[in-house]
Amino acid sequence: NTTAPISRTISLDRIIAKASAFHSPSTYNNQQQQQQSYSRYTCIVIVTPVTPFLASANTPWSSNSNNSPRQAMARRMIGSILNLSSGGDSGMIKPNQAMKGRDQKMTGITGLKHYILNNNLEEVPEGYEVAVFGNGCFWGSEKSIWRMPKGIHSTAVGYCAGYTPNPTYNEACSSMTGHTEGVRVVYNPKEISYVDILRMFWESHDPTQYMGQGSDRGSQYRSGIYYFNEDQKRLIESSKKAYEKALGGREIKTEIRSAIDYDKYGGLWYFAEAYHQQYLAKPGARPYCSAQPQGIGLPAFESWAPEDLKEKYTPAFPESFWKKHGPVRGCSIVRFDNEPISESSY
């Protein structure tokens, strides 16, 4: 049997809304496959027990409904299916081929408070700093940071390092915006070091995977970390070399770029929809995580840090913290409490 290719450049809405399997599943049988052509693209529509779940991706979102998490999971699954069907770890879209986007900011973010920390998501208090990274599904990535014992003012999920201004989740899932699912951290450098956040980033996923984590495939799940100053850049690059050695010499595929590289596309960062923020802490959340922590720690800071940065960026958390609360092999963050870890616990 020949399987027709499904191009990842077909819009997600078109896949869901037009495929007859989502509207008339009774028309499919084991003897005959129903084919539909969309301009020059052809796809084979297959009905499975999860078809009603996938069809929920096309349900209009309402802040008063409970459909949002279901839609997010369905759209995530379809986005990965499109990428797998087009060859799996497909590359980045070119800037001139990306979706146009819009000028309007994401609704529902202005004034929104962090669900656990109760601080305004957008604000950066004087003297505080920002870190931005992506390491797979942003739900679990965000939780690993807000649980850190001290120094975290806020975390937020969003779309970073892409070409489309103010993208939606639907658009980012299509791989047509160039964004990766990311986490923005606002932190107090007097209480927590950038190195602590950096270590959690490396250890919370498998940075040797290209264009995805686990079953989540595509450029929207790529590993990336983005620096705002020269110190961050040097710490990222030095720690990368050290972690590659710890991983047995496997090549780290993480994208490392300056935040200002994206100014010409409207900026590095765009907040995701309100229902995605601190998703895993909310009632009814699906305990989903696709990241692939390797259970291998970043070598001691003193062994890899640039000499002139050692004093300024000394880690705030001792090794006892990482032994008790650090990521373990496989994604386990969904099982942990939502509240920040107590300093007395390690």
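1. Let's begin with Arg234, which is partly exposed at a relative accessible area of 26%. Please keep in mind that this is a predicted model. Arg234 pairs with Asp308 in a salt bridge whose closest N and O atoms are 2.8 Å apart. Arg234 sits in helix α7 (residues 230-246) and Asp308 in the loop between α8 (301-304) and α9, so the bridge ties together parts that are 74 residues apart in sequence. Asp308 itself counts as exposed, with 54% relative accessibility.

2. There is also a charged network to look at: salt bridges with shared partners join Arg199, Glu203 and Glu319. In total, the model has 11 salt bridges.

3. Which residue does Glu343 meet in a salt bridge? The partner is Lys150, with 3.8 Å from N to O. Glu343 belongs to the segment after α9 (319-325), while Lys150 is in the loop between α4 (138-146) and β4 (152-160), so this pair ties together parts that are 193 residues apart in sequence. Both side chains fall in the partly exposed class: Glu343 has a relative accessible area of 45%, and Lys150 has 28%.

4. Glu122 is partly exposed at 24% relative accessibility, whereas Lys105 is exposed at 54%.

5. Now back to α7, this time for its packing. The axes of α7 and helix α6 (residues 194-203) come within 11 Å and cross at roughly 40 degrees. Angles under 35 degrees would count as roughly parallel and 65 to 115 as roughly perpendicular, so α6 is oblique to α7. The crossing of α6 past α7 is right-handed.

6. What do the two helices bring to this contact? From α6 come Tyr194, Val195, Leu198, Trp202 and Glu203. On the α7 side, they meet Gln232, Leu235, Ile236, Ser239, Lys240 and Tyr243. Sorted by class, the contact holds seven nonpolar, two polar and two charged residues.

Definitions and conventions
Residues numbered from 1 in each chain as written. Predicted model: local features only at pLDDT ≥ 70, side-chain atom pairs only at ≥ 80, totals over all residues. Heavy atoms only, no water. Salt bridge = Lys/Arg side-chain N within 4 Å of Asp/Glu carboxyl O. Buried < 20%, exposed > 50% of the residue type's maximum accessible area, 1.4 Å probe, protein only. Helix = DSSP H or I, 4+ residues; strand = E, 2+ residues; numbered from the N terminus. Axes fitted to C-alpha atoms, helices over the stretch in contact; angles between N-to-C directions. Parallel < 35°, antiparallel > 145°, perpendicular 65-115°, else oblique. Left-handed = near helix turned anticlockwise from the far one by under 90°. Contact = heavy atoms within 4.5 Å. Nonpolar A, V, L, I, M, F, W, Y, C, P; charged D, E, K, R; others polar.
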